[in-house]
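The following paragraphs lead the reader through a protein model, from its overall make-up to selected residues. Please keep the sequence and the structure in view while reading.

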Amino acid sequence: MRLAPLALTLATIAVAAPAQPAALRVVHVSPDRPGAYRSVQGAIDALATTGGTILIAPGRYREKLVIRGNDVRLRGTGRTPADVVLVYGDASATVGGTLKSASMTVSGDGFRATNLTIQNDYWLNPAHLPSQAVALALTGDRAVVRRVRLLGHQDTLYANRGPNRRPTRQYFRDCYIEGHVDFIFGDANAYFDRCQLHGLAHETVWYTAQSRNAPDDEGSAYVFDRSRFTAAPGARNIALGRAWRPHARVILLDARLDAPVIPAGWTEWTPGKTTTLDTAYFAEYRSRGQGASPATREPRTHQLTAAQAARWRLPAFFGTDTGWLRD
């Protein structure tokens, strides 16, 4: 039998070799669906470089997640956000840094998360020493987080700028966020629309620790619009926030304060040692509930008029470029 030339044989083999699967735009994660990924990170890594959607079936997924690509969407397919739980348990004390502790780290732009839970459960082990333990570290621009539960204790949500102090816009809608010390912190331009902030039982509860660092920085503030502030019975010394950096900005619009907030409302970063209340901008407009007390608020904070409050409403807060807010 006459053999084919070697070059032809190799060419034939190359044509017949199975093609590598193309990067995907829609990926499923499920413990039992045929063809689905079992790992959320595996699904993230399988997406096209232009991003895509990851549909996550009900379940508890214990893995540390990193999202660097743009336009990644995570969507829980359960009935409620509690049906899909993305959880890990690192802490600053165990990994050598607050940001390294995050259960999920997102640096890509255009991130979306819907109908799921992101949790850091380090604190659930009573043998663990107190330490910062982040659930979500978000440093990407144009992020939209809807119907998501963020569960932690100290430093639950890190809503911050990107690399080289690049401003970031982040929008949270109908979310539940719980913790105690500084549990929403960072330097992003972040808008919390009809969210619930829940203080856990602890000797001190600070809902926010915003870190705007310059008086002329217009790309950094936290706004809570029609949001509800609650606390567990064991929560004590409850304050709306303190300034992690001297020019922190936090604004409450039509907030319902269903927690026994201290009469002053806001507090110094380290009483007796720092003077951040001299330069921070803490403001409220029409707060109501048991924690609302305009007459006793710290005199260096602000009670806004309707005209002043309008400057912080959507879409004025993000300017004219708001197309990214729509799905």
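Helices (H or I, at least four residues) and strands (E, at least two) are DSSP runs, numbered from the N terminus. Residues are numbered from 1 along each chain as its sequence is written. The model is predicted, so local features need pLDDT of at least 70, side-chain atom pairs count only at pLDDT 80 or more, and totals for chains, interfaces and linings use all residues, while side-chain values use heavy atoms, with hydrogens and water left out.

The protein has four helices and 25 strands. Its C-alpha trace spans about 100 × 50 × 40 Å along the principal axes. Of the 327 residues, 53% are buried, where buried means under 20% relative accessible area, exposed over 50%, and partly exposed in between (1.4 Å probe, protein chains only). A contact means heavy atoms within 4.5 Å. Among contacts with a separation of 6 or more, 69% are made by residues 24 or more positions apart.

The accessible surface comes to about 14,800 Å², and carbon and sulfur atoms contribute 55% of that area; accessible areas come from the Shrake-Rupley method with a 1.4 Å probe, and for residues, only the protein chains shown count as cover. There are 39 positive and 28 negative side chains, and the centres of the two sets lie 4 Å apart. In this count Lys and Arg are positive and Asp and Glu negative, with His and the chain ends not counted; the place of a charge is NZ of Lys, CZ of Arg, CG of Asp or CD of Glu.

Confidence is expressed as pLDDT, the predictor's confidence in each residue, from 0 to 100. The protein averages a pLDDT of 93, and 93% of the residues score at least 70. Over residues 1-20, however, pLDDT stays under 50, and the model has one contact beyond four places in sequence for this stretch.

Strand pairing may be followed through β16. Two strands pair if DSSP finds at least two bridges between them. Strand β13 (residues 176-179) pairs with strand β16 (residues 196-199) in the parallel sense over four bridges, and Ile-177 stands opposite Leu-197 in β16. Strand β16 also pairs in the parallel sense with strand β20 (residues 228-231), over four bridges; here Gly-199 stands opposite Ala-231 in β20.

Pro-233 counts as exposed, because its relative accessibility is 87%. The C-alpha atoms of Pro-233 and Pro-260 are separated by 9.7 Å, with the two residues 27 apart along the chain.

The loop between β11 (157-159) and β12 (169-173) contains Asn-164, and Arg-165 is found in the loop between β11 and β12 as well. Phi is near 55° for Asn-164, a positive value in a residue other than glycine, and near 60° for Arg-165, again positive in a residue other than glycine. Asn-164 is exposed at 81% relative accessible area, whereas Arg-165, at 48%, is partly exposed.

Is Arg-169 buried or exposed? Arg-169, which is found in strand β12, counts as buried because its relative accessible area is 19%. Leaving aside neighbours within four places in sequence, Arg-169 is in contact with residues including Asp-141, Asn-189, Phe-318, Asp-321 and Trp-324.

Finally, Leu-314 and Pro-315 are joined by a cis peptide bond, with omega about -5°. Pro-315 lies in the segment after α4 (306-310).
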